[in-house]
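My notes follow in the order I looked things up.

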Amino acid sequence: MGTTISERGEVSVHIPAEGTLTRVEGRSRKTDGSSLSGASSEASTLAWELSLPGYPTLEIHDDHWDNGERNLVVHKPPVMPQMPLALAGLYGRLRSGVSPTEGRRELRIMLYPTYVDERHRPRVKKSLTTRALTDLMAPCVLRELTAREGVTLEAAHPKPNLPRVDLDNPQDEKPLQHALFFPAEDLETPVLAFVHFRVLPVIHHLGWPVPAAG
């Protein structure tokens, strides 16, 4: 996942064999709405564009709410382009929260992979064994994310008797909730994670090649 910065200040993250995720500084804005908890608030929004060959460009919002909450979501424009039902179901839905972690400096984003149900609606899986998580997201994707500076994949909640999260030897005995922990100043990692576990599973369901396991 290489990063480049253009002469106009655009930050682009290249997703191997998939597309480009671009942040344009001029897209930052203030919006009114409801935070992830349902509270009315105002958000400072940082916008990213995900360009995938053969699909509409998706605008992903990183919303920082004035009440202290934060979430990522696929922005729903006033006029929706024509697209498959499964992809349309991502717009404005399945928001993913970013939160602080008690006793740690890192922020946390939950890894709840998306799947498409029999009614062509995107849903999420919350509790998985680590082996099941790697089957859904591919070990190479998880390794690329955790190879970023200061980023770790762990159990979301430090409960006793939970197995260790190990990508080299993923356990397939006890389901748990996984999370990606990352430095608070890191703006790219949560968006990359959101793209991989929220958006790309739907794209793969629609026929985009699934990354090779490894």
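This is a predicted model: local features need pLDDT of at least 70, side-chain atom pairs count only at pLDDT 80 or more; totals for chains, interfaces and linings use all residues.

I began with helix α2 (residues 130-137) and helix α3 (residues 139-146), which pack at an angle of about 100° with their axes 6 Å apart. Angles of 65 to 115 degrees count as roughly perpendicular, so α2 and α3 are roughly perpendicular to each other. Next I listed who makes the contact. From α2 I noted Leu-133, Thr-134 and Met-137, and from α3 Pro-139, Val-141 and Leu-142. I sorted these by class: five are nonpolar, one is polar and none is charged.

I looked up the confidence: the mean pLDDT of the protein chain is 86, and 86% of its residues reach 70 or more. Over residues 2-10 the pLDDT is below 50, and I found 18 contacts for this stretch beyond near neighbours in sequence.

Then I turned to rings. How many aromatic pairs are there? I counted zero. I did find charges over rings. Arg-104 lies over the face of Phe-181, 4.2 Å from the ring centre. Over the ring of Tyr-115 sits the charged end of Lys-125, 4.5 Å from the centre.

Last, I checked backbone angles. Leu-94 is not a glycine, yet its phi is positive, at about 55°. I placed Leu-94 in the loop between α1 (85-88) and β8 (96-100). Asn-161, also a residue other than glycine, has a positive phi near 70°. I found Asn-161 in the loop between β12 (152-155) and β13 (178-182).

Conventions. Residues are numbered from 1 along each chain as its sequence is written. Side-chain values use heavy atoms; hydrogens and water are left out. pLDDT is the predictor's confidence in each residue, from 0 to 100. Contact means heavy atoms within 4.5 Å. Axes are lines fitted to C-alpha atoms, for helices over the stretch in contact, and angles run from 0 to 180 degrees between N-to-C directions. Helices (H or I, at least four residues) and strands (E, at least two) are DSSP runs, numbered from the N terminus. Angles under 35 degrees count as roughly parallel, over 145 as roughly antiparallel, 65 to 115 as roughly perpendicular and the rest as oblique. Ala, Val, Leu, Ile, Met, Phe, Trp, Tyr, Cys and Pro count as nonpolar, Asp, Glu, Lys and Arg as charged, and the others, Gly among them, as polar. Rings of Phe, Tyr and Trp (its six-membered ring) pair if their centres lie within 6.5 Å; planes under 30 degrees apart count as stacked, over 60 as edge-to-face and the rest as tilted. A charge sits over a ring if NZ of Lys or CZ of Arg is within 6 Å of the ring centre and within 35 degrees of the ring normal.
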